[in-house]
Amino acid sequence: MEAAVKKLFHWMPFLFGIGFIAPLIAQTMVALHVEPPFGLSPILFGLLIGIPWGFQTVIRGRWL
Amino acid sequence: MADGPFNHSDDQPMVKDKDSAFFNVETDADHALPLHSGDSLDRHTRRNLRKEEIEIARQFHSGRMWPYVVAAWGCFAVWLSFFPLAIMGWLNLPLAFVLSCIFATGGYVTSHEAMHSNIAREGTKYRWVNEWVGKVSTIPIVFPFSMARLMHLEHHYHCNDPVKDPDYTDEASNMFAAWYKTWYNRQPGVDGSIHHYKRILAGMGTPAAEKALKDTMKLQLIFMTVLFAMAWSGYAIEAALIWWLPRHIGLSYIRFYLSWAPHHPREGKTNRYETTRIFKSRLGHVMSMCMETHLIHHLYPGIPNHRTKEAYFALKPILEKRGVDTSAL
């Protein structure tokens, strides 16, 4: 159990990218009437940013 | 709800009780060696000064503590109401954001009184009030009371010790670096802030430390679950403005004003009268959360936060004789 929770927290930035950053980007774009490029939907655009951003944070240990 | 009996003794060492409550009864003899500027004072003078100091400090130990209770529970209730109100579309989001930042930051102050059992001592009728003030106050910053109390008392016991003071990681060369560090220390791969606390707790290995670690894990999971659920239900901006962003702003403000500003520079400053400096805040006494006179809190943690300035002016002549730089205030 403890090992599973540790694993979960290790991957938390990646999950945060999917679970929070992606919908936050999407909903902010909609609120500001900003169209995503290449005809993408706002949530797909959010995921394209949130997933790699969260993943690099897991690897590097830094959001920026 | 009142302070516990004040200990006049000048002959007992600083001790922890079974609940880690803080008794500030250390003697001059225990601290005679590293007294810094006051070293020139002989033992007799130091002892008399200490007695005088305790006598003055004693007058400030009592005070009305119910405003802390009302503020803690009232602000928490208002903050909680923001969630359903936001979902129902009945919330002024910019106003809720500003208030959430204030609640997240100010919550540490009310919790801090509870950490030192200043609202009600263990074994008294209203002890539960003390505990619940502490518990709800730091939920907006996702910092469980059990961890906050343990780490804060460790900070008092080992103030400015590079290895043992849990807050030593906040040290920075100047205010700009300090603000940057408040954010940097929260990065997942950096051993600062709550990550540092987790490591210290794991090393302590006591039942209280284990409980604090479990509480931290639970609160962080609740935080993430709420954020993810709200975000994927179409309320990401609301979640960001009510909880996520106020938490980050609050933590940075707390780290800067409650940790860096009163303790900088930390290196080598470990004796009783030099762990904390007296400074003049650009934002004033209230906005700096009474940290200008934080030295009084480290000398007498039983003095409530709102009375430290008053106590400082009463103690100022003695502090000057002890070598404290009082030029700022």
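1. Start with one ring. B:F83 is buried at 11% relative accessibility; buried means under 20% relative accessible area, exposed over 50%, and partly exposed in between, with a 1.4 Å probe and protein chains only. B:F83 pairs edge-to-face with B:W243, at 5.9 Å centre to centre and 75 degrees between the planes. Rings of Phe, Tyr and Trp (its six-membered ring) pair if their centres lie within 6.5 Å; planes under 30 degrees apart count as stacked, over 60 as edge-to-face and the rest as tilted. The pair links distant parts of the chain: B:F83 sits in helix α3 of chain B and B:W243 in helix α9 of chain B, 160 residues apart. B:W243 is buried as well, at 5%.

2. On reading the numbers. This is a predicted model, in which local features need pLDDT of at least 70 and side-chain atom pairs count only at pLDDT 80 or more, while totals for chains, interfaces and linings use all residues. Residues are numbered from 1 along each chain as its sequence is written, chains are lettered from A and ligands numbered from 1 in the order in which they are written, and side-chain values use heavy atoms, leaving out hydrogens and water.

3. The overall make-up of chain B. Chain B has 12 helices and two strands. Helices (H or I, at least four residues) and strands (E, at least two) are DSSP runs, numbered from the N terminus. Of the 329 residues, 55% count as buried. Contact means heavy atoms within 4.5 Å. Among contacts in chain B with a separation of 6 or more, 66% are between residues 24 or more positions apart. The accessible surface of chain B is about 14400 Å² (Shrake-Rupley method, 1.4 Å probe). Carbon and sulfur atoms account for 64% of that surface.

4. The nonpolar cores. A nonpolar core is a set of buried Ala, Val, Leu, Ile, Met, Phe, Trp, Tyr and Cys residues joined through side-chain atoms within 4.5 Å. The largest has 38 residues, and B:I119, B:F143 and B:M147 touch the most other members. Helices of chain B that each supply at least two residues include α3 (66–87), α4 (93–115) and α9 (207–263). The largest share, 10 residues, comes from α9(B). Beyond its neighbours within four places in sequence, B:F143 is in contact with B:Y108, B:T138, B:A148, B:I194, B:Y197 and B:L219. A second, separate core of 31 residues includes A:M29, B:L219, B:A231 and B:A239.

5. The whole structure holds 25 aromatic pairs over all chains. A:F20 and B:W244 form an edge-to-face pair, 5.4 Å centre to centre with 65 degrees between the planes. A:F20 lies in helix α2 (residues 12–31) of chain A and B:W244 in helix α9 of chain B, so the pair joins two chains. Ring pairs link A:F16, A:F20, A:W53, A:W63, B:F228 and B:W244 into a cluster.

6. B:R127 is in helix α5 of chain B. B:R127 counts as buried, at 10% relative accessibility. Its side chain makes a polar contact with the side chain of B:S117 (2.8 Å). A polar contact is a pair of N or O atoms within 3.5 Å; within protein, one must be able to donate a hydrogen and the other to accept it, and residues adjacent in sequence count only if both atoms are side-chain atoms.
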